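Below is a short report on one protein model. It covers the fold, the core, the charged pairs and a few individual residues.

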Amino acid sequence: MLGSRTDLHIFDAGSVNGTRFCNEILLPYVRLFRGAMGLQFLFMDDNAPCHRTVAAEQLALRERLAARSLPPVTIRELRLALQDEWAAMPQQLIDTLILSMG
């Protein structure tokens with residue numbers, strides 16, 4: 001969200017179905033933001049067209065991981081690398097992407 005972000009949520013092993021998505025993302029994270037934001041709240045999922053823009057793809061965590069000098073090899077390394085890259089992403093960049101969405 002503008003000016004802030006949650007910790008990166010990494011799903012443990014297994015498939016992400018509707019129930020799991022609700023229990024691990026919508027209820028603990030999104031519901032709280034919806035209540036705090038009121039009418040200004042807008043939720044976009046990963047299949048939103050704006051998430052597939054060239055700008056968004058260039059800034060994806062996947063690209064940031066690929067640019068690392070030592071790419072992660074194990075699941076633990078991948079988890080840590082994702083968390084590091086998410087934390088290192090400038091908030092201004094996140095804000096700019098949000099504001100660029102129609």
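## Basis and fold

Helices (H or I, at least four residues) and strands (E, at least two) are DSSP runs, numbered from the N terminus. The model is predicted: local features need pLDDT of at least 70, side-chain atom pairs count only at pLDDT 80 or more, and totals for chains, interfaces and linings use all residues. Residues are numbered from 1 along each chain as its sequence is written, and side-chain values use heavy atoms, with hydrogens and water left out.

The protein chain has five helices and zero strands. From the N terminus on, its elements run α-α-α-α-α.

## Surface and contacts

The accessible surface of the protein chain comes to about 7,700 Å². Carbon and sulfur atoms hold 59% of that surface. These areas come from the Shrake-Rupley method with a 1.4 Å probe; for residues, only the protein chains shown count as cover.

Buried means under 20% relative accessible area, exposed over 50%, and partly exposed in between (1.4 Å probe, protein chains only). Of the 102 residues in the protein chain, 16% are buried. Contact means heavy atoms within 4.5 Å. Take the contacts between residues at least 6 apart in sequence: 54% of them join residues at least 24 apart.

## Nonpolar core

In soluble globular proteins, nonpolar side chains tend to be buried together. A nonpolar core here is a set of buried Ala, Val, Leu, Ile, Met, Phe, Trp, Tyr and Cys residues joined through side-chain atoms within 4.5 Å. Which residues form the largest nonpolar core? There are seven: Ile10, Leu61, Leu65, Ala81, Leu82, Met89 and Ile94. Helix H3 (61-66) and H4 are the elements that give two or more residues to this core.

## Helix H5

Helix H5 spans residues 91-100. Gln91, Ile94 and Asp95 are buried in this helix. Seen down the axis of H5, the buried residues fall within an arc of 100°, so they line one face of the helix. The arc is that of the directions from the helix axis to the C-beta atoms. The face turned away from the buried side of H5 carries the exposed residues Gln92 and Ser100. Helix H4 (75-88) is included in what covers the buried residues of H5.

Asp95 deserves a separate look. Asp95 is buried yet has no salt bridge. The nearest side chain of opposite charge is Arg5, 7.8 Å away. For charge, Lys and Arg count as positive and Asp and Glu as negative; His and the chain ends are not counted. Leaving aside neighbours within four places in sequence, Asp95 is in contact with Met1, Leu2 and Gly3.

## Salt bridges

Side chains of opposite charge can pair when their charged atoms come close. A salt bridge is a side-chain nitrogen of Lys or Arg within 4 Å of a carboxyl oxygen of Asp or Glu. How many salt bridges does this rule give? The count is three.

Asp12 and Arg79 meet through their side chains at 2.6 Å, N to O. This pair links distant parts of the chain: Asp12 is in the segment before helix H1 (18-37), Arg79 is in helix H4, and they are 67 residues apart. Asp12 is partly exposed at 49% relative accessibility. Arg79 is partly exposed at 28%.

The side chains of Glu24 and Arg20 also form a salt bridge (2.6 Å, N to O). Both lie in helix H1, four residues apart, about one turn of the helix. Glu24 counts as partly exposed at 23% relative accessibility, whereas Arg20 counts as buried at 15%.

## The loop between H3 and H4

Arg68 and Glu85 meet in a salt bridge (2.8 Å, N to O). Arg68 lies in the loop between H3 and H4 and Glu85 in helix H4, so the pair ties together parts that are 17 residues apart in sequence. Their C-alpha atoms are separated by 9.6 Å. Is Glu85 buried or exposed? Glu85 is buried, with a relative accessible area of 13%. Arg68 is partly exposed at 26%. Not counting residues up to four places away in sequence, Arg68 touches Ala81, Asp84 and Glu85.

Pro72 is placed in the loop between H3 and H4. Pro72 counts as partly exposed at 25% relative accessibility. Leaving aside neighbours within four places in sequence, Pro72 is in contact with Leu65, Glu77, Leu78 and Ala81.
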